[in-house]
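Thanks for coming. Please have a look at it before I start.

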Amino acid sequence: MPAPKKTARRSLLVTSAVLSSLALAAPAAVAAPSPSGSPSASPSGSPSATPPASMSTVGGARLGQPGTQVNLASGVPVLPKDVSARSWIVADAESGDVLAAHNAHWRLAPASTLKMLFADTLLPKFPRTAKHKVVPSDLAGIGSGSSLVGIKEDETYTVHDLWLGVFLRSGNDAVHVLSAMNKGVDNTVKEMNEHAEELQALDTHVVSPDGYDAEGQVSSAYDLTLIARSGLQKKDFREYCSTVSAKFPGQTKKTKKGKPARESFEIQNTNRLLSGDAGLPVYQGIAGVKNGNTTNAGATFTGVAERDGKVLLVTVMNPEKQEHNEVYKETARLFDWGFKAAGKVQPVGKLVPPKGAAQASSQPGANPSGEAGGSGSGAGSTAGTGSKPVASGPAADGSSGIGIALGITGGVLVLLAGGAFLVNRRWPLPDLVRRRTRP
């Protein structure tokens, strides 16, 4: 589709040097007791206050051990003491190194962080300009108390509108409409589970595509980090998860003159490290990804941030502390530690590649851009109008528009053309990033 005027794209390309999932030889873990207290979901959906004695070893043997796993040595900063989450992980998004983790493979209720898997599965399927008129059956089965963006029956929305609703407002109504377009909720759940298996996110079992609490619906900090890393290979995913605010179509009403008119209203991203909140500033270098909160899951969050040439992923699941914005505060502390520890700490595991990564990189005609199929154009495609990034400084042509919140530190990562791949060592995506100074 032709790019809207006066808009520009700045993309975070999370390139990935991926290694095998064999167990890593490492010193003994620094163990910490698991948080206890409020129950959480086990694979069967029954309450579980403590992690299993042994868990999956995907990514390394130490990641299957309960408690905190980190290699503290001379020059390595001490982990923050005020992290109460039942499970968390800090990983280098580019190399795949897991710098530290706590109960990384504990299968817990994911809440709306599961929408990352929904997006990674469905984004390539529909062009963003495609339109859909909502019928009552599209909105059937939405859980009581769900977060909604405000979709109305008999109104028409573009796919772009719907994805803004998914990422910014965590709208379960938008998820259900997109699922209806994808041959229904059951088919979408089936495809999400298949995609999780392809990603080797083997702790994950999807029951509801929107992350609403459901019997047996689980994921893990490790899996959510894998899923986020996969999603960030897609330009559309990077765009939507970094959008701070946007205009969303409202309901058609008649004017005083009797003519139909449809106004829009503003929606804001509920990721508080991206949008900020009272007592919680925007995190320096934040660029997405997705938050969630349900009765069973508590607060969950996966974030990606860049600083001083390092790109880190942090996932935090269900902090024991019940303070306002606690999941974001603990994420910020872990990001701070990760940026200080990067290059100094010996990793305790790896983020593994998808099963088909090596094969895809060697196939003729493989798409090196990492864009979603719904993007509709190349690396220069832009977002829809009316959307605001955190760092919306002018681009080289003087325009402004959707971007990634990396301009905060005075620079952005941009995608370069190219495609030299090392089979079995890199994802089948462009492996070149460079920094440029903001104009």
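This is a predicted model: local features need pLDDT of at least 70, side-chain atom pairs count only at pLDDT 80 or more; totals for chains, interfaces and linings use all residues.

A word on terms before the pairs. The angle between the axes and the distance between the axes are what we use to describe two packed helices.

Let me begin with helix α1, residues 115-122, and helix α3, residues 172-181. Their axes are 12 Å apart, and the packing angle is about 30 degrees. Angles under 35 degrees count as roughly parallel, so α1 is roughly parallel to α3. The crossing of these two, α1 and α3, is left-handed. Which residues of α1 meet α3? They are Lys115, Phe118 and Leu122, and on the α3 side they meet Asn172, Val175, Leu178 and Ser179. By type, the residues in this contact of α1 with α3 are four nonpolar, two polar and one charged.

Now the second pair, again with α3. Its partner here is helix α2, residues 159-168. The axes of α2 and α3 come within 8 Å, and they cross at roughly 135 degrees. That angle is why α2 and α3 are called oblique to each other. The crossing of α2 and α3 is left-handed. From α2, the contact takes in Val159, Leu162, Trp163, Gly165 and Val166. From α3, the contact takes in Ala174, Val175, Val177, Leu178 and Met181. How do the residues of the contact of α2 with α3 divide? Nine are nonpolar, one is polar and none is charged.

Terms used
Residues are numbered from 1 along each chain as its sequence is written. Side-chain values use heavy atoms; hydrogens and water are left out. Axes are lines fitted to C-alpha atoms, for helices over the stretch in contact, and angles run from 0 to 180 degrees between N-to-C directions. Helices (H or I, at least four residues) and strands (E, at least two) are DSSP runs, numbered from the N terminus. Angles under 35 degrees count as roughly parallel, over 145 as roughly antiparallel, 65 to 115 as roughly perpendicular and the rest as oblique. A crossing is left-handed if the near helix is turned anticlockwise from the far one by less than a right angle, and right-handed if clockwise. Contact means heavy atoms within 4.5 Å. Ala, Val, Leu, Ile, Met, Phe, Trp, Tyr, Cys and Pro count as nonpolar, Asp, Glu, Lys and Arg as charged, and the others, Gly among them, as polar.
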